[in-house]
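Q: Let's walk through this one together, and I'll ask as I go.

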Amino acid sequence: MISGLDTKIIGKKIVHFETTDSTNLYAKKLVDAGAKEGTVVVSDVQTRGRGRKDRYWSSPKGGLWFSIILYPKISPEKGMQITMSSSVVIAESIKEITGLNPIIKWPNDLLINGKKVCGVLTEIESKDDEINYAIVGIGINVNNELEPELNSIATTLKEESKIELSTTDLLKLILENFDRILSKTPESIRKSWLSYSKIIGKKVQVKEDENMLIGIVSNVDNKGCLILDTVEGPVKILSGDISYL
Ligand code: BTN
């Protein structure tokens, strides 16, 4: 499928399906079977694509739906660094290939013109103070049709660029950029992440289960936590859904 991939670790083995339930689920089976770091699972269509919090992820033909297996040597509390790295890689790659300017929306979305174009679902299993594996599932709306109810909140690269992109070329670029980011320091990844997110100083509402907080984002640390200045003082947030106010 991809030829001439220039990477050291990522994509040395690529498993391609026309249809599978979820590339994250298949990647987990490969982990159990001892798959090597950097193995990629990609599917043209997913019948049970999953998003964060077990939400349904629409994955018809024309989109880019794939997962990368990693065995990162970082402590589980730094797991968000993996999502941050992935978001930076995707933002860079989309910018490079389309000239569009994606914005990273904490914690794991990419937006173009305020609409979601990509989501990242990182699934980590850890024991004691070590990560056993991380599966980074990436879904990008490229040339696919959106379900009507998603039209007001989501977009595709085709819609934004008016060009039908090759999903293979985009995947190749993402895998190459992913390979390169593995050797970068958390601080330089954080800086790139901040440059694509433009979140510092923004007033946001964060919802996590039944809890809701409003505040101004004063920082995002290199573990990916949002530091929110609220009326009751600074609060550190590890996960949740944000909306800009
Ligand atoms: C989100 O925004 O909630 C994350 C969406 C992640 C979707 C991708 S598509 C490839 C991989 N396989 C899945 O089932 N989910 C992820």
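Q: Where does Gln46 lie?
A: Gln46 lies in strand β2, which covers residues 40-46; helices (H or I, at least four residues) and strands (E, at least two) are DSSP runs, numbered from the N terminus. The model is a predicted one, in which local features need pLDDT of at least 70 and side-chain atom pairs count only at pLDDT 80 or more, while totals for chains, interfaces and linings use all residues. Residues are numbered from 1 along each chain as its sequence is written, and side-chain values use heavy atoms, with hydrogens and water left out.

Q: Is Gln46 buried or exposed?
A: Gln46 counts as buried because its relative accessibility is 10%, where buried means under 20% relative accessible area, exposed over 50% and partly exposed in between (1.4 Å probe, protein chains only).

Q: And how far is Gln46 from Glu18 and from Pro60?
A: Glu18 is 28 residues away from Gln46 in sequence, with 8.6 Å between their C-alpha atoms, and Pro60, 14 residues from Gln46 along the chain, has its C-alpha at 6.8 Å from that of Gln46. Glu18 itself sits in strand β1 (residues 14-20), and with a relative accessible area of 63% it is exposed.

Q: Switching to charges: how many salt bridges are there in the whole structure?
A: A search of the whole structure gives 15 salt bridges, each being a side-chain nitrogen of Lys or Arg within 4 Å of a carboxyl oxygen of Asp or Glu. One of them pairs Lys61 with Asp44, whose closest N and O atoms are 4.0 Å apart.

Q: What about Arg50 and Glu123?
A: Their side chains meet in a salt bridge at 3.0 Å, N to O. This pair links distant parts of the chain, with Arg50 in the loop between β2 and β3 and Glu123 in strand β6, 73 residues apart. Arg50 is partly exposed at 22%, and Glu123 is partly exposed at 24%.

Q: And which residue does Arg190 pair with?
A: Arg190 forms a salt bridge with Glu187, at 2.8 Å between the closest N and O atoms. Both residues lie in helix α5 (residues 186-197), three residues apart, about one turn of the helix. Arg190 is buried, with a relative accessible area of 14%, whereas Glu187 is partly exposed, with 32%.

Q: Now the backbone: which peptide bond is cis?
A: The bond from Trp106 to Pro107 is cis, with omega near 0°, and Pro107 lies in the loop between β4 (103-105) and β5.

Q: What is phi like at Lys162 and Asp209?
A: Lys162, a residue other than glycine, has a positive phi near 60°, and Asp209, also not a glycine, has a positive phi of about 50°. Lys162 lies in the loop between α3 (157-161) and α4 and is exposed, with a relative accessible area of 68%. Asp209 lies in the loop between β8 (203-208) and β9 (211-220) and is exposed, with 57%.

Q: Which residues of α4 are buried?
A: The buried residues of α4 include Leu170, Leu171, Ile174, Phe178 and Ile181, along with the charged Glu176 and Asp179.
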